[in-house]
Amino acid sequence: MRRYRYKVEFFPIEEEQGEKKIDKERIEETLNRYAENGWRLREMGLCGHLGLICVLESYENP
């Protein structure tokens with residue numbers, strides 16, 4: 001039986017000159033770093049007007 005581990009990353013939405021934006025480069029770098037360590041993206045969603053939430057999943061070898 002596999003045992004799964006989960007991590008949650010939060011990426012805030014920043015407001016710059018009246019525009020709201022998310023730092024796509026930071027998200028990509030972070031997700032690539034996790035992928036190199038065996039993590040995969042399980043879910044992604046917006047948290048209201050606050051930011052983006054990413055749930056990452058990895059399984060432990062018995």
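Is Cys-54 buried or exposed, and what is its relative accessible area? Cys-54 is buried, with a relative accessible area of 0%. Here buried means under 20% relative accessible area, exposed means over 50%, and partly exposed lies in between, with a 1.4 Å probe and protein chains only.

The model is predicted, so local features need pLDDT of at least 70 and side-chain atom pairs count only at pLDDT 80 or more, while totals for chains, interfaces and linings use all residues. Residues are numbered from 1 along each chain as its sequence is written, and side-chain values use heavy atoms, with hydrogens and water left out.

Helices (H or I, at least four residues) and strands (E, at least two) are DSSP runs, numbered from the N terminus.

The radius of gyration of the chain is 14 Å, whereas a compact globule of 62 residues would have a value near 11 Å. This radius is taken over C-alpha atoms, and the globule rule is 2.2 Å times the number of residues to the power 0.38. Along the principal axes, the C-alpha atoms fill a box of roughly 50 × 20 × 10 Å.

Of the 62 residues in the chain, 21% are buried. The accessible surface comes to about 5,200 Å², and carbon and sulfur atoms hold 46% of that area. Accessible areas come from the Shrake-Rupley method with a 1.4 Å probe; for residues, only the protein chains shown count as cover.

Contacts (heavy atoms within 4.5 Å) were also examined. Among those between residues at least 6 apart in sequence, 53% join residues at least 24 apart.

The chain carries 11 positive and 13 negative side chains. The centres of the two sets lie 9 Å apart. Lys and Arg count as positive and Asp and Glu as negative; His and the chain ends are not counted. Each charge is placed at NZ of Lys, CZ of Arg, CG of Asp or CD of Glu.

Cys-54 sits in strand E5, which spans residues 51-60. Leaving aside residues up to four places away in sequence, Cys-54 touches Lys-7, Val-8, Glu-9, Phe-11, Leu-41, Glu-43 and Met-44. Met-44 is ten residues from Cys-54 in sequence, yet their C-alpha atoms are 4.5 Å apart.

The structure holds zero disulfides, a disulfide being a pair of cysteine sulfur atoms within 2.5 Å. Cys-47 is in no disulfide, and its nearest cysteine sulfur, that of Cys-54, is 12 Å away. Cys-47 counts as partly exposed, at 27% relative accessibility.

Strand E4 covers residues 40-47 and includes Leu-41. Leu-41 is partly exposed, because its relative accessibility is 39%. Beyond residues up to four places away in sequence, Leu-41 touches Leu-31, Cys-54, Val-55 and Leu-56. Phe-11 lies 30 residues from Leu-41 along the chain, with 14 Å between the C-alpha atoms.

Arg-42 is also placed in strand E4. Its relative accessibility of 45% makes Arg-42 partly exposed. Arg-42 touches Val-55, Leu-56 and Glu-57, again not counting residues up to four places away in sequence. Between Arg-42 and Val-8, the separation is 34 residues in sequence and 9.9 Å in space, C-alpha to C-alpha.
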